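Trainee: I would like to learn how to read a model of this kind, feature by feature. Could we go through it together?

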Amino acid sequence: MPAEIIEVKTQDQLDACIQIRQAVFVQEQNVPAELEVDEYDRLDAHSMHVLLMMDGQYIATGRIKLIDEFTAKMQRVAVLAAYRGGGNGRSLMLGLEQLARLHGVESCILDAQCHAEGFYQSMGYLTTSDEPFYDAGILHVRMQKKL
């Protein structure tokens with residue numbers, strides 16, 4: 001059964017997003033827990049969240065933070081370890097981009113972990129930062145894509 005993108009509408013769904021992010025960022029990558037959840041992790045925030053569901057399980061998540069009327073920042077993109085490498089990250093990003101387009105977004109930026117830069121380039125994102133930078137102790141690059 002193919003994976004399904006779900007736009008988060010309930011607190012239970014939002015909690016599932018945070019659980020996936022905790023597993024990926026806090027437990028795997030040692031990001032401090034206090035940095036992982038912020039003011040955009042509420043149902044009434046100026047952001048949108050998605051879940052990727054496969055066989056009745058939530059396996060990935062991502063967040064869209066609206067920068068202005070036409071620009072969004074893709075954030076907190078996380079796929080559980082057991083589901084990486086099979087196209088689920090691509091499915092998640094396509095779902096995030098589709099949702100962004102539905103809300104009038106014309107351009108997306110993201111801060112990619114350096115090891116994932118090639119993945120995002122394969123999805124049409126261009127690196128715009130001159131040098132890598134640290135975010136939560138992990139090297140990142142800024143990337144952008146016109147939708």
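Trainee: In which loop does Pro132 lie?

Mentor: This is a predicted model, in which local features need pLDDT of at least 70 and side-chain atom pairs count only at pLDDT 80 or more, while totals for chains, interfaces and linings use all residues. Residues are numbered from 1 along each chain as its sequence is written, and side-chain values use heavy atoms, with hydrogens and water left out. Helices (H or I, at least four residues) and strands (E, at least two) are DSSP runs, numbered from the N terminus. On that basis, Pro132 sits in the loop between strand 6 (126-127) and strand 7 (133-135).

Trainee: Is Pro132 buried, partly exposed or exposed, and which residues does Pro132 touch beyond its sequence neighbours?

Mentor: Buried means under 20% relative accessible area, exposed over 50%, and partly exposed in between, with a 1.4 Å probe and protein chains only. Pro132 has a relative accessible area of 42%, so it is partly exposed. Contact means heavy atoms within 4.5 Å, and, not counting residues up to four places away in sequence, Pro132 touches Cys114, Leu139, His140 and Val141.

Trainee: Where does Val105 lie, and how is Val105 placed relative to Pro132?

Mentor: Val105 belongs to the loop between helix 3 (88-102) and strand 5 (107-113), and at 4% relative accessibility it counts as buried. Val105 and Pro132 are 27 residues apart in sequence, and their C-alpha atoms are 26 Å apart in space. Leaving out residues up to four places away in sequence, Val105 touches Leu66, Phe70, Thr71, Ala72, Ala100 and Leu147.

Trainee: Which strand holds Ala72, and what does Ala72 contact?

Mentor: Ala72 lies in strand 4 (residues 71-79) and counts as buried, at 0% relative accessibility. Its contacts, leaving aside neighbours within four places in sequence, include Ile64, Leu66, Val105 and Ile109.

Trainee: How many disulfides does a search of the whole structure find?

Mentor: A disulfide is a covalent bond between the sulfur atoms of two cysteines; here the criterion is a pair of cysteine sulfur atoms within 2.5 Å. The search of the whole structure finds 0.

Trainee: What pattern does the protein follow along the sequence?

Mentor: The pattern reads β-α-α-β-β-β-α-β-α-β-β-β, which comes to 4 helices and 8 strands. The radius of gyration is 14 Å, close to the 15 Å that the globule rule gives for 147 residues, so the protein is as compact as a globular protein of that length. That radius is taken over C-alpha atoms, and the rule is 2.2 Å times the number of residues to the power 0.38.

Trainee: What share of the residues counts as buried?

Mentor: Of the 147 residues, 44% count as buried.
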